[in-house]
Amino acid sequence: MEGQDYIQKEMGSSFVNMNESSFAIEGQGRCNSMKATLLHEPFLTVADICDGFVYNELESKGIFGWGGRLTIQPEYQRNYIYADGKKDVAVVDSLLKGYPLGLLYFVKTAEGRYEVLDGQQRITSFGRFVRGKFPIIDDDGMPKWFDSLGADRKKRLLESKLTVYVCEGEREEIREWFKTINIAGVPLVQQELLNAIYSGPFVTAAKAVFSNSGNSDMQRWKNYVRGNERRQDILEAALGWVARGRDNIEAYMGRHIGDASCQELQAYFNSVIDWIDGVFKGVKDEMFGLEWGELYEKYHANAYNADALWRRVEELYEDDCVTAKKGIFEYVLGGEMDTKLLNVRVFSKKDAKTVYAKQTAAAKKKGVSNCPLCAVGHEAGSTRIWTFGEMDADNVTAWSKGGATDISNCQMLCRTHNRAKGNR
Ligand SMILES: [Zn+2]
């Protein structure tokens with residue numbers, strides 16, 4: 001079973017060779033080969049780590065978890081210092097709010113055995129909370145223990161996914177490497193870690209463009225790209241676009257590690273940005289953070305009339321049946337076919353019930369089905385009276401053909417006929 005309960009995602013070419021990727025540590029002559037792999041699919045969760053979590057308040061070391069596979073506090077680690085009713089509570093609060101906990105590092109000590117290299121304080125915090133060692137303070141100012149959380153909040157906490165890197169190699173080597181990348185104890189985000197691992201001329205060139213607050217294009221880019229250049233979010237987006245997806249960033253960086261420039265990356269990013277600028281004549285808040293790389297790949301070969309396209313964007317913004325404004329851009333790029341992108345508002349239950357009552361009473365009087373499409377058929381169903389639960393509200397005139405989402409345009413259809421009609 002060991003090793004099968006997760007898939008290791010190799011970082012680049014499987015071995016991070018310190019000499020090649022500028023992790024050469026001064027004064028160390030030995031050839032180092034340290035491997036760092038992302039624990040992936042399925043991600044470890046808080047519940048997995050809490051399986052068999054043991055915490056001895058007196059000794060506060062030798063803490064175990066993950067069904068005995070993980071030593072949370074090895075001998076050389078500092079003792080647990082988060083138990084101050086603030087840092088430990090903050091860890092649990094952020095998990096409950098769905099924020100990521102940051103990167104965790106484990107060292108593989110034997111097949112299926114791990115030690116925590118970094119993340120001990122965070123892991124011990126949620127482990128002790130789940131074991132009922134301390135309460136958090138709820139919005140109403142009252143202390144809340146794990147047992148008194150509602151089922152949904154318990155579930156959210158326990159199912160929180162953890163980003164874990166497993167390091168393999170000589171212990172000293174790993175600790176040195178870790179010191180090198182963990183500058184002054186500031187936790188690294190994913191892209192910062194990748195920049196450290198793949199550091200070289202390519203990363204240096206890419207950072208000069210995409211992580212540079214002094215870059216005069218940065219403001220324009222940030223109309224479309226979410227994040228903070230100093231935390232490498234813009235670089236991450238650019239790499240994700242050129243690599244055709246964030247999952248391919250590592251492989252892309254591995255291939256280009258020795259490139260003297262980042263020409264391809266920059267050219268591709270500029271093509272996407274120029275395409276957005278050319279196709280859309282204005283800027284809307286909802287354009288920020290869309291998957292523009294994907295949209296570019298899908299639609300850049302099409303010809304658009306930019307004036308007409310922007311007019312449609314504005315009209316759709318004005319239409320209060322459109323509840324997903326973010327979807328407008330792909331909707332118009334795709335020729336206004338996929339109304340699902342817009343999450344068009346449907347009739348309220350109250351309106352549907354009103355129409356159902358009226359329609360059913362009229363049908364009973366006539367002795368026909370209360371589904372108008374069943375009623376015109378010749379089968380046995382043509383006189384069937386459906387219950388409210390067996391019917392769906394439908395736009396007589398589809399929204400995409402100008403039909404309103406008010407009661408005058410509402411009819412009740414049986415499920416089968418409504419599905420057959422499709423198009424809202
Ligand atoms: Zn029907």
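**A loop residue and its setting**

Author: W66 lies in the loop between strand 4 (64-65) and strand 5 (70-71). Keep in mind that this is a predicted model. Start with the backbone. Phi of W66 is near 50 degrees. That is a positive value, and W66 is not a glycine. Most residues other than glycine have a negative phi. Is W66 buried or exposed? W66 is buried, because 22 other C-beta atoms lie within 10 Å, and 20 or more are enough to count as buried.

Now take another residue for comparison. E336 is not a glycine, yet its phi is positive, at about 55 degrees. E336 sits in the loop between helix 14 (328-333) and helix 15 (349-366). How is E336 classed by its surroundings? E336 counts as partly exposed, because 14 C-beta neighbours lie inside 10 Å. So W66 is buried, while E336 is partly exposed.

A positive phi turns up in a hairpin too. Strand 6 and strand 7 form that hairpin, with 2 residues between them. G112 is in the turn, and its phi is positive, about 75 degrees. Strand 6 and strand 7 (residues 113-118) pair in the antiparallel sense, over 5 bridges. Within that pairing, F106 stands opposite V116 in strand 7. Strand 6 (residues 103-110) has a further partner, strand 10 (residues 161-168). Here the sense is parallel, again over 5 bridges. V107 stands opposite C167 in strand 10.

Next, the helices. Helix 7 (residues 201-210) and helix 9 (residues 233-242) have axes that come within 9 Å. The axes cross at roughly 115 degrees. That makes helix 7 roughly perpendicular to helix 9, since angles of 65 to 115 degrees fall in that class. The crossing is right-handed. Which residues of the two helices make the contact? Helix 7 contributes A206, K207 and F210. Helix 9 contributes I234, L235 and A238. By class, the contact has 5 nonpolar residues, no polar ones and 1 charged residue.

Finally, step back to the chain. The protein chain has 17 helices and 12 strands. Of its 424 residues, 29% count as buried, and W66 is one of the buried residues.

Methods
Residues are numbered from 1 along each chain as its sequence is written. This is a predicted model: local features need pLDDT of at least 70, side-chain atom pairs count only at pLDDT 80 or more; totals for chains, interfaces and linings use all residues. Axes are lines fitted to C-alpha atoms, for helices over the stretch in contact, and angles run from 0 to 180 degrees between N-to-C directions. Helices (H or I, at least four residues) and strands (E, at least two) are DSSP runs, numbered from the N terminus. Angles under 35 degrees count as roughly parallel, over 145 as roughly antiparallel, 65 to 115 as roughly perpendicular and the rest as oblique. A crossing is left-handed if the near helix is turned anticlockwise from the far one by less than a right angle, and right-handed if clockwise. Two residues are in contact if their C-beta atoms, placed from the backbone, lie within 7 Å. Ala, Val, Leu, Ile, Met, Phe, Trp, Tyr, Cys and Pro count as nonpolar, Asp, Glu, Lys and Arg as charged, and the others, Gly among them, as polar. A residue is buried if 20 or more other C-beta atoms lie within 10 Å of its own, exposed if 12 or fewer, and partly exposed in between; C-beta atoms are placed from the backbone. Two strands pair if DSSP finds at least two bridges between them.
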